[in-house]
Amino acid sequence: MQRGDVWWSTYDDEFPVVVLSERDAVQIVAAATPEQRRGYVLLAPEEAVEARPTGLAGIEVPLDGLPRPGVVRLALPHQGHIFCTWRLSLTREDLTSYVCRLSPATMSRLELGLRLAEME
């Protein structure tokens, strides 16, 4: 189990998780629908660096090599708001089967998103 590995877990039958460390993972979710985006800006990590959004904003990082399309969605800090995240504490027993390893380019985008969301 290494950073960037994608595993099926006991947390969700529909989407796997991306391992961040021996004890942490982030849940993969479906990309936001137009309805879910209402009043909220979702950017790619590189766009968030350039745009420096001041309102309610987040990042979606599309992931490669999955059995179905999925993203990691991260909220950007915004004063006066606490956002839920899909970060999970896990044990080896929570992981049921290996899916794939994220490509170096995708992992780099995810790491940028985690830094911008102040999760690392």
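Visitor: To which strand do three bridges join β3, and in which sense do the two run?

Guide: This is a predicted model, and its strands are named by their order from the N terminus. Within the model, A25 has L88 as its bridge partner. Three bridges join β3 to the strand of residues 87-89, and the two run antiparallel; that strand is β7.

Visitor: How many helices and how many strands does the protein have?

Guide: Along the sequence, the elements follow the pattern β-β-β-α-β-α-β-β-β-β-α. The secondary structure therefore comes to three helices and eight strands.

Visitor: What radius of gyration does the protein have, and what would a compact globule have?

Guide: The C-alpha trace spans about 40 × 25 × 25 Å along its principal axes. Buried residues make up 42% of the 120 residues. A compact globule with 120 residues would have a radius of gyration near 14 Å, and the protein agrees with that, having 14 Å.

Visitor: Which residues does Y11 touch, not counting residues up to four places away in sequence?

Guide: Y11 lies in the loop between β1 and β2. Its relative accessible area is 36%, which means that Y11 is partly exposed. Leaving out residues up to four places away in sequence, Y11 touches Q27, L88, S89, L90 and D94.

Visitor: In what order do the three strands of the open sheet lie?

Guide: The edge strands are β4 (41-43) and β6 (71-75), each of which pairs on one side only. From one strand to the next, the twist averages 25 degrees. The pairing in this open sheet is mixed, and the order is β4-β5-β6.

Visitor: In which sense do β4 and β5 pair, parallel or antiparallel?

Guide: Strands of a sheet pair through backbone hydrogen bonds, in either a parallel or an antiparallel sense. Here L42 stands opposite G58 in β5. Three bridges hold the pairing of β4 with β5 (residues 57-62), and its sense is parallel.

Visitor: Across which strands does helix α3 lie?

Guide: Helix α3 has 13 residues and reaches 18 Å from its first C-alpha to its last, close to the 18 Å expected at 1.5 Å a residue. This helix, residues 104-116, runs at about 165 degrees to β5. The strands that α3 lies across are β5 and β6.

Visitor: Which residues of α3 are buried?

Guide: An α-helix has 3.6 residues a turn, so residues three or four places apart point the same way. What covers the buried residues of α3 includes β2 (12-19), α2 (45-51), β5 and β6. The buried residues themselves are T106, M107, L110, L112, G113 and L114.

Visitor: Why does E118 count as exposed?

Guide: E118 lies in the segment after α3. Although E118 is not a glycine, its phi is positive, at about 55 degrees. The cut-off for exposed is over 50% relative accessible area. E118 counts as exposed because its relative accessibility is 62%.

Visitor: Which residues form the aromatic pair, and how is the pair arranged?

Guide: A search of the whole structure finds one aromatic pair. Its centres are 5.7 Å apart, with 80 degrees between the planes, and the residues are W7 and Y98, arranged edge-to-face.

Visitor: How many residues apart are W7 and Y98?

Guide: W7 counts as buried because its relative accessibility is 9%, whereas Y98, at 45%, counts as partly exposed. W7 belongs to strand β1 (residues 5-9) and Y98 to strand β8 (residues 95-101). The pair thus links distant parts of the chain, and the separation is 91 residues.

Notes
Residues are numbered from 1 along each chain as its sequence is written. This is a predicted model: local features need pLDDT of at least 70, side-chain atom pairs count only at pLDDT 80 or more; totals for chains, interfaces and linings use all residues. Side-chain values use heavy atoms; hydrogens and water are left out. Two strands pair if DSSP finds at least two bridges between them. Helices (H or I, at least four residues) and strands (E, at least two) are DSSP runs, numbered from the N terminus. Axes are lines fitted to C-alpha atoms, for helices over the stretch in contact, and angles run from 0 to 180 degrees between N-to-C directions. Contact means heavy atoms within 4.5 Å. The expected span of a helix is 1.5 Å times one less than its number of residues. Buried means under 20% relative accessible area, exposed over 50%, partly exposed in between (1.4 Å probe, protein chains only). Rings of Phe, Tyr and Trp (its six-membered ring) pair if their centres lie within 6.5 Å; planes under 30 degrees apart count as stacked, over 60 as edge-to-face and the rest as tilted. The radius of gyration is taken over C-alpha atoms; the globule rule is 2.2 Å times the number of residues to the power 0.38.
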